[in-house]
Amino acid sequence: MKRRQQVKKIVIAAILFVMGFIFSKDSLASEIMFLISYVLAGYDVIGKALRNMVKRQFLDENFLMVIATFGAIFLKEYSEAVGVMLFYQIGELFQSYAVNQSRKSVAALMDIRPEYANLKHGKEIRKVSPDDVKIGDVIVIESGERVPLDGVVIKGVSLVDTSAVTGESVPRELEKGDKIISGSININGLLEVKVQSKYQESTVSKILDLVENAGNKKAKTEQFITEFARLYTPIVVVLAILLAIIPPLFWEGAVFQDWLYRALTFLVISCPCALVISIPLSFFGGIGAASKQGILIKGSNYLQALSEAETIVFDKTGTLTKGNFTVVDIQSEKYSPHELLRYAAYAGFHSSHPVSKSIREAYKEKIDNGLISSFEEIPAHGVKAEVDGHEIYVGSKKLLEKNKMTSPQIKAIGSIVYVAIDGEFAGWIRIADEIKSDAKQALKDLKDLGIKELVMLTGDTKAAGKSVAKALGLDKVYTELLPHQKVSQLEHILQETKSGKVVFVGDGLNDAPVLARADIGIAMGGVGSDAAIEAADIVIMTDEPSKIVLARHISQKTMSIVKENIIFALGIKFSVLGLGAIGIATMWAAVFADVGVSVIAILNAIRTLYVRR
């Protein structure tokens with residue numbers, strides 16, 4: 001409605017403007033038509049300028065437009081005064097439309113907020129707010145409905161569209177036991193889901209919070225433009241005053257009216273609208289394009305920093321490898337393979353670590369929790385448990401050494417899990433982890449996009465780490481690192497990196513300190529822990545390393561468009577400012593240098609919304 005009124009106002013003002021030319025020049029009728037047209041086209045600009053003057057914030061584009069056009073009216077250049085206001089309003093209309101379209105595009109990408117949840121109580125189902133659903137409640141999701149909360153499917157089979165959250169176009173088939181994320185859309189089946197997180201802690205809530213607050217963290221370029229406009233505007237006002245006064249006073253034959261006209265033209269040209277609007281819009285578009293692909297960037301400062309990165313440091317498990325460990329070998333002199341596996345499975349029953357999970361899956365039999373009398377997880381080392389009266393240690397060689405137990409040095413490809421029973425080394429289990437299908441190509445593409453060094457930090461054994469590094473073509477690998485040692489190693493890498501930024505990519509709880517310390521922390525959100533996602537600056541909603549390539553590409557494209565707009569806008573402005581100062585550029589050229597440049601820069605900025613994978 002507001003835009004329709006704006007169009008109506010512009011059309012009426014334009015008709016009156018044209019009628020001003022129909023009447024003879026300098027006639028009263030012509031002047032009246034031009035003045036009515038001017039008031040109609042410019043009353044809101046005049047109002048803003050007056051309000052800002054009261055607030056002592058008057059050195060903006062509104063002030064420049066009013067001073068310039070009032071001066072033109074004083075010189076009886078009515079048509080040019082009206083032309084400046086009229087074309088300024090047309091430019092504002094285009095800008096408004098462009099900004100609105102970009103905001104609608106981002107809003108459409110992030111239109112994942114659930115309106116309700118179907119809460120099940122016995123046989124009764126009622127619609128409630130997602131905020132009212134508790135952990136452990138059961139919700140029903142019908143065909144075509146958006147998933148309101150994170151949970152696990154307890155009944156039903158269906159295809160689920162996760163594109164709004166992860167950027168993946170291929171629907172996933174979910175059945176009993178599978179996890180389901182909020183923000184997805186249930187396509188064709190009826191699902192019953194046991195809720196695993198409150199709405200405030202759900203995937204959809206975190207995504208919305210990240211996107212809504214992304215604009216609060218400005219890039220260095222945005223900050224520069226804000227400061228530039230703040231200093232630039234008063235400088236050009238002073239220059240315009242000097243341009244109007246000094247030549248008539250000191251140059252013989254200089255006419256005050258001619259130099260006043262040049263000064264007014266100078267003021268119109270100097271409006272910094274193109275930069276002030278198009279630069280933030282470029283970053284806004286880049287963040288929106290990334291969101292569409294399942295990449296959440298927490299601020300435009302991180303988008304700019306990613307384009308400047310020259311070193312990327314990766315965690316191994318769950319980042320470059322699938323984290324789906326498989327038991328491939330069991331060795332023991334005292335126990336049978338089944339017995340050793342049984343003890344290890346019982347000891348790690350309460351652990352959520354992928355290694356413990358893979359051992360339980362390999363054991364396959366049902367575990368009697370009553371036989372486990374105590375359990376302790378030792379970070380970065382392993383687990384300790386009392387099982388059926390036996391003290392069991394399962395983990396790294398360092399775990400056994402820490403507890404004064406000797407064990408042989410096992411050299412084999414993969415992760416070696418040492419098992420000790422009742423204070424003695426009992427045997428070892430070898431576990432292999434599969435490299436992600438897109439990891440090798442992703443690392444090659446990152447090199448093609450200007451990344452100079454690819455490094456891996458892992459707590460895994462030297463043999464396992466070097467095997468993965470060789471397969472992927474990494475430049476450096478550091479193995480057998482505890483969480484605090486990862487931070488120390490990253491500190492060393494940061495000191496060695498002389499110019500560009502350092503990125504760390506990880507997914508686990510123990511990666512949170514490293515993610516926070518890096519210039520840019522990227523968390524693999526699909527399997528990532530809440531702590532890792534909280535500490536990260538960029539969150540990949542799937543587990544694909546190729547999305548890091550896409551994020552880098554979006555950041556580089558965004559910065560390229562930002563630079564194009566800065567060079568184009570300043571180049572045109574300074575050229576026309578120079579021409580205006582020597583009397584070659586007219587007020588009409590000034591209108592193009594202001595309004596025309598703004599529209600072109602904004603249309604260019606909108607290109608950031610559209611990125612091909």
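Visitor: Leaving aside neighbours within four places in sequence, which residues is Thr558 in contact with?

Guide: Ser282, Phe283, Gly286, Leu303 and Thr608. Contact means heavy atoms within 4.5 Å. This is a predicted model, where local features need pLDDT of at least 70, side-chain atom pairs count only at pLDDT 80 or more, and totals for chains, interfaces and linings use all residues. Residues are numbered from 1 along each chain as its sequence is written, and side-chain values use heavy atoms, with hydrogens and water left out.

Visitor: What separates the C-alpha atoms of Thr558 and Phe283?

Guide: A distance of 6.5 Å. Along the chain, the two residues are 275 residues apart. Thr558 itself is found in helix H19, residues 546-581. Helices (H or I, at least four residues) and strands (E, at least two) are DSSP runs, numbered from the N terminus.

Visitor: Why does Thr558 count as buried?

Guide: Buried means under 20% relative accessible area, exposed over 50%, and partly exposed in between (1.4 Å probe, protein chains only). Thr558 has 1% relative accessibility, so Thr558 counts as buried.

Visitor: How many bridges join S16 to S17?

Guide: 7 bridges, and the strands run antiparallel. S17 covers residues 424-432. There, Arg430 is the bridge partner of Ile416. The hairpin of S16 and S17 has 2 residues between the strands, and Asp422 takes a positive phi near 55°.

Visitor: Why are S2 and S7 said to stand at the edges?

Guide: The open sheet has 6 strands in the order S2-S1-S3-S9-S4-S7, with antiparallel pairing. S2 (124-128) and S7 (179-180) each have a single partner strand, so one side of each is left without a neighbour in the sheet.

Visitor: What joins S4 to S7?

Guide: 2 bridges, so the pair meets the cut-off of at least two. Val152 has Lys179 as its bridge partner in S7. In S9, the bridge partner of Val152 is Lys194. S4 (residues 151-155) and S9 (residues 191-195) pair over 4 bridges, in the antiparallel sense.
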